[in-house]
Amino acid sequence: MKKVEAIIRKSKFDEVKKALHQIEVNFFSYWDVTGVGNEKQGHVYRGISYSTSDIQRRYLVIVVSDDFLEKTLETLFSSASTGNVGDGKIFVSEVTEVYRIRTKESGSAAIN
């Protein structure tokens, strides 16, 4: 099993959520987060300069079986991308075990 952690633009969250549901990823956790990015220049809107050093993003955590990882990644790439700097990052790590508290099921049965 793999844990996929994705940091995406908040403006793309609804599209990502819909795309994940379409491939039957029906459970994931998410948080609003603030990060610091590489872009150092500010943006000017109506004559007021805004700093872009603190970036508002959404942080998703998804646990999938090994054979479902590639489909999940492709869905994230296609739905979260704008093609611009600041689209986010995806981290993948190994999950050694998963348990469902209610039934004590473990492994892939616990994440479906």
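Helices are DSSP runs of H or I with at least four residues, strands are E runs of at least two, and both are numbered from the N terminus.

**Entry 1: overview**

I am working on a predicted model, where local features need pLDDT of at least 70, side-chain atom pairs count only at pLDDT 80 or more, and totals for chains, interfaces and linings use all residues. Residues are numbered from 1 along each chain as its sequence is written, and side-chain values use heavy atoms, with hydrogens and water left out.

I counted elements first. The protein has three helices and six strands. Read from the N terminus, the order is β-α-β-β-β-β-α-β-α.

Next I looked up burial. Of the 112 residues, 32% are buried (under 20% relative accessible area; exposed is over 50%, partly exposed in between; 1.4 Å probe, protein chains only). The protein exposes about 7700 Å², and carbon and sulfur atoms supply 51% of that area. Accessible areas come from the Shrake-Rupley method with a 1.4 Å probe, and for residues only the protein chains shown count as cover.

Then I checked contact range. I took contact as heavy atoms within 4.5 Å. Among contacts between residues at least 6 apart in sequence, 71% join residues at least 24 apart.

**Entry 2: H1 against H2**

I turned to the helix pair. H1 covers residues 13-22 and H2 covers residues 69-80. They pack at an angle of about 150 degrees, with axes 9 Å apart. The axes are lines fitted to C-alpha atoms, for helices over the stretch in contact, and angles run from 0 to 180 degrees between N-to-C directions.

How are H1 and H2 oriented to each other? They are therefore roughly antiparallel. That label needs an angle over 145 degrees; under 35 is roughly parallel, 65 to 115 roughly perpendicular, and the rest oblique.

H1 passes H2 in a right-handed crossing.

H1 brings Glu 15, Val 16, Ala 19 and Leu 20. H2 brings Thr 72, Thr 75, Leu 76, Ser 78, Ser 79 and Ala 80. By class, this contact has five nonpolar, four polar and one charged residues. Nonpolar covers Ala, Val, Leu, Ile, Met, Phe, Trp, Tyr, Cys and Pro; charged covers Asp, Glu, Lys and Arg; the others, Gly among them, are polar.

I looked up Lys 2, in strand S1 (residues 2-9). Is Lys 2 buried or exposed? Lys 2 counts as buried because its relative accessibility is 17%. Its C-alpha lies 6.1 Å from that of Asp 66, 64 residues away in sequence. Leaving aside neighbours within four places in sequence, Lys 2 has contacts that include Ile 62, Val 64, Leu 69, Val 92 and Val 95.

I followed the contact to Val 95. Val 95 sits in the loop between S6 and H3. At 14% relative accessibility, Val 95 is buried as well. Beyond its neighbours within four places, Val 95 touches Met 1, Lys 2, Lys 3 and Val 63.

**Entry 3: Arg 9**

Arg 9 is also in strand S1. Arg 9 has 17% relative accessibility, so it counts as buried. From Arg 9 to Ser 81 I read 8.8 Å, C-alpha to C-alpha, across 72 residues of sequence.

**Entry 4: positive phi**

I checked backbone angles. Glu 24 has phi near 70 degrees, positive in a residue other than glycine. Glu 24 is in the loop between H1 and strand S2 (29-36). Glu 24 counts as exposed, at 66% relative accessibility.

Lys 104 is not a glycine either, and has a positive phi of about 65 degrees. Its place is the loop between strand S6 (88-94) and helix H3 (108-111). With 69% relative accessibility, Lys 104 counts as exposed.

Conventions:
A crossing is left-handed if the near helix is turned anticlockwise from the far one by less than a right angle, and right-handed if clockwise.
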